[in-house]
Amino acid sequence: MGRCGGGRMNRAIAAANKNQRLAADPRHSVFVTANAGSGKTKVLVDRIARLLLEGSKPSAFLCITYTKAAAAEMQRRLFERLGGWCVASDEKLAADLKELGVEAADLGRARALFAQALETPGGLKIQTIHAFCERLLARFPLEAGVPPGFDIADEARAAALLAQARADTALGEDAPVDAFRRFAARLSGEALDRLLDRLAQQRADFHRFVANRDVVLVVEPQIKNRHGARRTAEQFCRHFLAQHDWVSLRKAAGVLASGSSSDQDAAERLRAVLDCIEAEPANALPKCFAFAFTNGGKGDPYKRYVTANLQKAHPWLEPLLRDFADDCLEARETLNAIERAEDAIAALQLALMLDRTYQAAKNRTGALDFDDLIEHAHALLRRSDAAPWVLYKLDGGIDHILIDEGQDTSPTQWDLIAPLQDEFFSGLGARPRPRTMFAVGDPKQSIYAFQGADPRRFLSEAQALSKRAHRAKQGFIAPVLETSFRSAPEVLRAVDAVFADRELVAAPPGKHDEIRHLAAREQEGGVVEVWPLAMRPVAPPAVPWDAPMDVETGASVHAQLAKSIAARVKDMIAAREAVWEKGALRPMRAGDVLALVRTRGAMFRELIKAFKRAELPVAGADRMVLRDELAVEDCLALLRVALDPADDLALACVLKGPWCNLDDDDADIFPLAYGRKYETLHARLMANAEQKYAFARAFVSDLAARAGADPFAFLSWALETPHEGGATGWERVFARLGYEARDPLEELLQRALHLAPQEAPTLQRFLYDIEVDAGQVKRELEAETGAVRVMTVHGAKGLEAPVVILPDCTAEANDKPEEGLIFDDEEGPYISFRKGDDDRKCAAARAAHAARMLGEHWRLLYVAMTRARDRLIVCGAQFGNSARGEADESWRLAVEEALRKLGASPCETPYGEGLHLGAPLHAEAGEKETLTHAPLPAWAKTPASRAARLEVAAPSRIAHVEASLFSPRGDGQKRFRRGRLIHGLLQRLPEIAPERRDEAARAWLARQGAEENEIEAYAREALTVIGDERFAAAFGPHSRAEAPIVGQAAGKAVRGVVDRLAIEANRVLVLDFKTDRPAPAHAEKAPRAYVLQLALYRDVLRKIFPSKDVASALLWTEAPVLMPLPDALLDAALAEFQRS
């Protein structure tokens, strides 16, 4: 079916082509507003291609994307475009360029662009904002005040550092104890932890808020003035109590006690006030409020304080109590203001202390996190003394800035980019072509408020760019891309109807208020379907007392809805309902389905279970906590058993796990465990001669034998080895847990491979690191892999699928401030844990926050609906306890109302009559499509003939030096740093002319961030060693640094790098530097690990150089001492290694 049939479709595509060409025009700065699916990435690629064709250098671009995946995709598309031009015929290339908007192009120049882009030093600068900041800081570390050669703390490492910072904040000598006590008195332990986590997440906002006001001493009075707090809570309490006639109120209590039961209740409340004033006047105000207001002092004022009969007898009583209640109402408002001000100040103190201790933790390890990258880069370009020079250096290399997904760019990131474009609009320059700014985004898709994104800032940047360009008399255009190439027309009609009268962005009226989509796929029909509400089932009868605690009844509304969705998907596939692919219909597959939820709650978990139980392939969760994944837990159990075979629980997990597969509790585990008394499960297993335990006995013995291995070698052995000639660990895990176990295990292997340099590479340390890491790991579910994908709407941003299901559509807008914290960039923090405790300022901040989150609530629905290409199913489970079953701002309700307005037809659903817009299509009858995996041929599992499995012995990891040397704190840290720097000098200085070594050593140490006294000491130590005549051979012209050695020794493959290797006429000298400790008295006292390392190297080198003597020595730099190792000592170490 042609894509250009129909007049309206012609108009839609014509409008898209026109606006895309405008956006790609290199003569103008451009700010593009683009609907979902309108080709934003294509426009960016088109513009870069046009700029290259116009003569701009590939190195002159700075293209900022939101994610690494987006950067990779953009670069892939650009190289695909340029590569295609290289091999296209003249006619095809000319047509492509004409379609791009280039007339009379130089075809030869177009063909050369691919090679030009490939050969650009550093590659094309298509990168995330964090990658740009990292490159900027690495280029100007001293100007930015960051350590040269800094490390980037990923999420896991940052979380570990932050956990340490929290402990330091609580236990430090200057800890804000009063602030801790203030919140600890009102919050549970878990709630306090969550508040601290929230403060830690927004520590950068607190830091910027204070930095913009110079000193904290100014900020705290400003917060008090904001709330009108002139006194402390204690001072106000004393002031309030001093104002009242307590004698009259005591008399009133006596009169009330003589009245009816209601009067007597009032008397009891009033006496509680009077008693508290006498006993604990500091706590009297809550008692006053409890007298005056319902709900224990938290509700509204009582309508009457005295019954009619008692008032008739004592006319003075009601006015007295009413006046007191009115004073209490005013006092409650004033006290709330004071409490909210003091809460905000306490939160500020905690957040700033967390920021300081976290910064100190990062400084100790020379690491920067992602917030640091932005902050330091911003300071470098805005506030540092070197800013003009840095901008001058950058200005010479950047002619064009392009920003993708501008609606997700935070205000701080916009501020970072601003200085880079200042020179673009400063008037005429020496460049022959205009320098341009380009941004593309969609305020309707701004859904990352929790990361600081604000659609209003995106709109204001468009206005600011327009003004700057016009002031500089440069071209500026702001095209709108309305044509969707992604979604079927029925989906787009539903989207337009849903958002026709809903405000998505709280901003002055503009083009963004008009929600209109044109369909490029006008001739390819789709379906939008909404189901009735899934109501909560009647509670099942109570189960017997001895039923398992974790039995699944499947009776929850979420479980039932998930089951219905899975059945519906299976029926759609069986009925050959069709989706569109490249203009033709094909049968729907499981991989076409994308289920989107708002949060990873009950619906998320039940969906994954339901799809699995329906025997549909599932890609698993899009986020995971590594330590909680079953496959990872099985691997951690292997490590625990290797470290301590007597750990009964860990051993039981290994026996029941995928490797041993003894999963029958009664037949397999009980006979081993029952009646052991003081005998360990390991001893019982090893003593049991039954054949079914034979593999387990051998496997557990192998685990224990590898207790000294490094984590990556251990896990690789466990997963890659065909154990006892059978299946590999991978095959065993997949057979038990499915292929979705691959992602968490591969992440675990990556963690094992990339250990922090200051950590000992031991199983125990690695096990501890994984066990304490509660951070989430993102799984890449971008591609359609043949499995159903279940993920959050936030995680699906940028994705699409033929069939999208929205099963989590009945909840209200999530406008409750997280842990009571609202942060305003201008006014600072607001803290209020209960709406009823708000003062006037907090109430206004809460209302503004609710308005912002309501807009984000609807923008999130827009993103969810526009992920669908052909089919959209909207449903939901009963929410809350209201009779209606869903919130007023329910997504399901909004879609249902929109479909009614569009005249949708009734349809059958699992929950009765629903509505659908459009009719399902079916693929033509034919062979049933099945996704099959071809089995591996037999040869792939058979070891090659005459081949033996090599166990590689990395000498530096075979035996471990005591872990104290690797301690990241105290003396261990200093030794590690000192050793690293001196080692670096010994590696580099021998290659430099002797007269320049001193200057070079000092310059290199300064670049590494060494202090002046360290520079003097380390340079002297290294130069003394290199200049010593005793070591001349080691540093002479026949020597080399960091020499790799690969070969066989003691029956194992050896692979390692030696610090210094000298090859002379009759001798080979192997030298290992030791910079971390004083030299022992003689060679026999040298650590065994060092001796064994050199023994293995010597054995390999003897085979490589059979006619030369091989001498081994340790060079202790502190003295310095050259310690030759006798052959007898080396032979003994090698023999011991072979025996073990």
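Of the 1140 residues in the protein, 50% are buried in this predicted model. The accessible surface of the protein amounts to about 54,500 Å², and carbon and sulfur atoms contribute 52% of that area. The secondary structure consists of 44 helices and 31 strands. Contacts tell a story about the chain as well: when pairs with a separation of 6 or more are considered, 74% of the contacts join residues 24 or more positions apart.

Part of the surface carries a patch of negative charge, in which Asp323, Asp326, Asp327, Glu330 and Glu333 gather. One of these residues, Asp323, belongs to helix H19, which covers residues 317–365.

Two residues are worth a look for their backbone angles. Most residues other than glycine have a negative phi. Lys582, which is not a glycine, has a positive phi near 55 degrees. Lys582 sits in the loop that links strand S13 (578–581) and strand S14 (584–587). The relative accessible area of Lys582 is 85%, and because exposed means over 50%, Lys582 counts as exposed.

Glu1042 also has a positive phi, of about 50 degrees, and is likewise not a glycine. Glu1042 is located within strand S27, residues 1039–1049. Its relative accessible area of 29% makes Glu1042 partly exposed, since this class lies between the 20% limit for buried residues and the 50% limit for exposed ones.

Conventions
Residues numbered from 1 in each chain as written. Predicted model: local features only at pLDDT ≥ 70, side-chain atom pairs only at ≥ 80, totals over all residues. Heavy atoms only, no water. Helix = DSSP H or I, 4+ residues; strand = E, 2+ residues; numbered from the N terminus. Buried < 20%, exposed > 50% of the residue type's maximum accessible area, 1.4 Å probe, protein only. Patch = residues over 30% accessible without salt bridge, like charges linked within 9 Å, V, L, I, M, F, W, Y side chains within 5 Å. Areas by Shrake-Rupley, 256 points an atom, 1.4 Å probe, with all protein chains shown as cover. Salt bridge = Lys/Arg side-chain N within 4 Å of Asp/Glu carboxyl O. Lys, Arg positive; Asp, Glu negative; His and termini not counted. Charge placed at Lys NZ, Arg CZ, Asp CG, Glu CD. Contact = heavy atoms within 4.5 Å.
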